[in-house]
Amino acid sequence: MVTDLHACHLEFLVEEPSMKAFLNNWLPRVLSDNQTFAIHSFQGKHALLKKLEARLKGYASWMPDYYRILVVVDRDGDDCRKLKSQLEKYCGNAGLISRRNAAGTEWQVVTRIAIEELEAWYFGDWQAVRATYPRVPATIPKQSAYRIPDDIQGGTWEAFERILQKYGYFKRGLAKEQAAAEIGRHLEPAKNSSHSFAVFRDSIIEAVTFRR
């Protein structure tokens, strides 16, 4: 039986600096003042996957009970089930209890996939985008190509860049870290039409929520 379990500190392992920039400004909108976090970014998805098992084994050797680890990667063009299985295998090999395998007991690590990229989460809360870049029209999410953020074809960040450039932003190319940091200040935790964002958000809330 799970009793009185909640995390006071979250460790995030992410594949690139833009996700780190986003989380640094967004997480304070979700966490309370007595909950802390640290974000560790890698030089791309390949680097994260290559080092993940060893990194998790390191955590397993010292991690206190009030820590939780959240691993976040982009799906890109990968098969989602195979990628998820790979991530879960690393957790098991490290001797950590993942949320998927916890079976009602306390979990230590959760693996989450942004489908297909961080920018899909921006399309899920277009008001946050417009709060940062007010010249973009409010009607973008009503267009069929962008109505379902996780189903946007041809690359989410490319689509996002095209829209912003059309309305006078980032003429020399999307500055991903800058955009992530700015949108992170405005993106609402409770209002997002991206399913992958909602799953990620709910994992955080579950980790830090006191329960009996």
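Strand 1 (residues 9-14) and strand 3 (67-74) run parallel and are joined by 6 bridges. Helices (H or I, at least four residues) and strands (E, at least two) are DSSP runs, numbered from the N terminus, and two strands pair if DSSP finds at least two bridges between them. This is a predicted model, in which local features need pLDDT of at least 70 and side-chain atom pairs count only at pLDDT 80 or more, while totals for chains, interfaces and linings use all residues. Residues are numbered from 1 along each chain as its sequence is written, and side-chain values use heavy atoms, with hydrogens and water left out.

**The sheet**

- Strands of a sheet pair through backbone hydrogen bonds, either parallel or antiparallel.
- Here, 4 strands form an open sheet in the order 2-1-3-4, with parallel pairing.
- Strand 2 (36-41) and strand 4 (109-114) stand at the edges with a single partner strand each, so one side of each has no neighbour in the sheet.
- From one strand to the next, the twist averages 20°; axes are lines fitted to C-alpha atoms, for helices over the stretch in contact, and angles run from 0 to 180 degrees between N-to-C directions.
- Strand 1 also runs parallel to strand 2, joined to it by 6 bridges, and Phe12 stands opposite Ile39 in strand 2.

- Leu13 has Val71 as its bridge partner in strand 3, and the bridge partner of Val71 in strand 4 is Thr111.
- Strand 3 and strand 4 pair in the parallel sense over 6 bridges.

- Helix 2 (residues 45-60) lies across strand 1, strand 2, strand 3 and strand 4, and runs at about 145° to strand 1.
- With 16 residues at 1.5 Å a residue, helix 2 should span 22 Å, which agrees with the 22 Å between its end C-alpha atoms; the expected span is 1.5 Å times one less than the number of residues.
- Helix 2 bends by about 50° at Leu52, the bend being the angle between axes fitted to the seven residues ending there and the seven starting there.
- Buried residues of helix 2 include Leu48, Leu52 and Tyr59, and its buried residues pack against strand 1, strand 2, strand 3, helix 3 (80-93) and strand 4.

- Leu174 lies in the loop between helix 6 (156-166) and helix 7 (176-184), and is buried at a relative accessible area of 11%.
- Not counting residues up to four places away in sequence, Leu174 touches Trp157, Phe160, Glu161, Leu164 and Ala179.
- Arg201, in helix 8 (residues 195-208), is buried with a relative accessible area of 13%.

**Cysteines**

- The structure holds 0 disulfides (a disulfide is a pair of cysteine sulfur atoms within 2.5 Å).
- The sulfur of Cys91 is 15 Å from the closest cysteine sulfur, in Cys80, which is too far for a bond.
- Cys91 is buried at 1% relative accessibility, whereas Cys8 is partly exposed, with a relative accessible area of 30%.

Methods. Contact means heavy atoms within 4.5 Å. Buried means under 20% relative accessible area, exposed over 50%, partly exposed in between (1.4 Å probe, protein chains only).
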